[in-house]
Amino acid sequence: MADGKALGKSSIGVDEARKLINAGMSLVGIEEVGLADALGRISASSANALLSSPPFDVSSMDGYAVRAADVSAAGTTLPLRGSSRAGVSEIPQLAAGSCMRIFTGAPVPTGADAIIIQENAESQGDAVRFTVAAVEGEYVRRLGLNFKSGQEILGVGRTISARNIGLLAAAGHTTIAVRKRPRIAVLSTGDELAGDPTAISQGRILDANRPGLTASIKALGGIPVDLGIAGDTDDAIISAVRELDADLLIVTGGASVGDHDRVRPALQSLGFTFDFYKVMMRPGKPLMFGELKGIPVLGMPGNPVSALLCSLLFVKPAIEVMTGRAGEGPIYDDARLAAPIARTGQREDYLRAIYTVDDSGLSVEVFDQQDSSMTALLAQSNCLVVRPVGAPAAAAGEMVKLIRFDTMANF
Ligand code: AMP
Ligand code: MG
């Protein structure tokens, strides 16, 4: 294949890889969901209030509704005429020169413009004596104080939270337009892989990537599509993706150029064109990206630590782009090294580590062992220390950048 696209670029940086991957994503469609199912979904349009809140002036305290002009001085006594409480079907009318009993959440009677709290009132049978002067507007929540009909209450491309759902409900919405969850197909490849413990035998290992990636896709708001395990043959890989229907395909393993790394040749026989196949990062170097019949494809290294790291660095932003967001890279924190670390080589390093918080901020200790097969250390770590290409050795006390896992739900 002669064109540059088919040949692909080799050896690019993490940021460039993210940009290229993001550029290969398409927006997914929109669906309308009930508010009960909207938590964590991404708003596909803005939403405006369908009514005002409060819908009429309400009292924010228990006390007496008055005309402020009628109680211009402490010691005033007014006749008591009626009451207003939350849920009354009609807004009552305050007779001139009188007061009305009122409770929190009740409509302020027409004609009243202040509430005097009950602590500042003495009941005298059918009259009330006030120990303070009224202040116009006091303890009255004006119509529309919270929001006015037509006001925007939710922006587009927002992750819908419990706070948003409470507001949408109060504003008259029962459903909301959200982006569909991107469907992300996951295929593990490798002759050595067994799908479950009953299939394990001499020379085989259990597939960690499908379960791990499937979970991370769910945590990131996608729908995983399980394509199973394919052996290291072109036929097995081709038949696994033949009926492919997804917004993104992730294939793990077999992405290098060894004799048994059949992912690229197998997909190419189906018309796969690729953009790049190496990213200068550790772990995770042989990352392949391209397109198969209009579906973007990410080929990840088989090592389970690499696969999950690629999910964090590339699948997370890709899902964001597919659902109408910017698709930024990770959020970094600054931390002090608790112990020295070695220099970085020609690749960006992502080191499993544990951070703790003390009086002077974050302190971080990197694990001595960083082999990309060691998922136990990944599960034990709570962050990754990120070191740029060619970073020198760093002493204890020096500042480094880290990505905290606790900023990403369930990662
Ligand atoms: P590969 O990218 O196919 O060269 O695989 C690199 C390493 O990751 C090898 O040691 C594989 O056995 C291992 N590996 C590949 N796929 C998986 C998987 N799905 N689960 C666990 N380990 C894997
Ligand atoms: Mg392999």
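This is a predicted model: local features need pLDDT of at least 70, side-chain atom pairs count only at pLDDT 80 or more; totals for chains, interfaces and linings use all residues.
Figure 1. Ligand 1 is surrounded by 15 residues, and the closest are Glu192, Asp207, Ala208, Gly254 and Gly302. Sorted by class, this shell consists of six nonpolar, seven polar and two charged residues.

Figure 2. The ligand taken alone exposes 490 Å², of which the protein buries 75%. Two elements, β13 (183-189) and β15 (205-206), each give two or more residues to the shell around ligand 1.

**Figure 3. An open sheet of six strands.** The strands follow the order β16-β13-β17-β21-β20-β18, and their pairing is mixed. Strands β16 (223-230) and β18 (273-276) each have a single partner, so one side of each is left without a neighbour in the sheet. On average, neighbouring strands are turned by 20° against each other, direction ignored.

**Figure 4. The pairing of β18 with β20.** These two strands run antiparallel and are joined by three bridges, with β20 covering residues 288-292. Phe276 stands opposite Phe289, a residue of β20.

**Figure 5. Helices α2 and α7 lying across strands.** Helix α2 (residues 14-23) lies across β18, β20 and β21 (295-300), and runs at about 150° to β18. Helix α7 (residues 304-322) lies across β13, β17 (248-252) and β21, and runs at about 165° to β21.

Terms used
Residues are numbered from 1 along each chain as its sequence is written. Chains are lettered from A and ligands numbered from 1 in the order in which they are written. Side-chain values use heavy atoms; hydrogens and water are left out. A residue is near a molecule or strand if one of its heavy atoms lies within 4 Å of it. Accessible areas come from the Shrake-Rupley method with a 1.4 Å probe; for residues, only the protein chains shown count as cover. Helices (H or I, at least four residues) and strands (E, at least two) are DSSP runs, numbered from the N terminus. Ala, Val, Leu, Ile, Met, Phe, Trp, Tyr, Cys and Pro count as nonpolar, Asp, Glu, Lys and Arg as charged, and the others, Gly among them, as polar. Two strands pair if DSSP finds at least two bridges between them. Axes are lines fitted to C-alpha atoms, for helices over the stretch in contact, and angles run from 0 to 180 degrees between N-to-C directions. Contact means heavy atoms within 4.5 Å.
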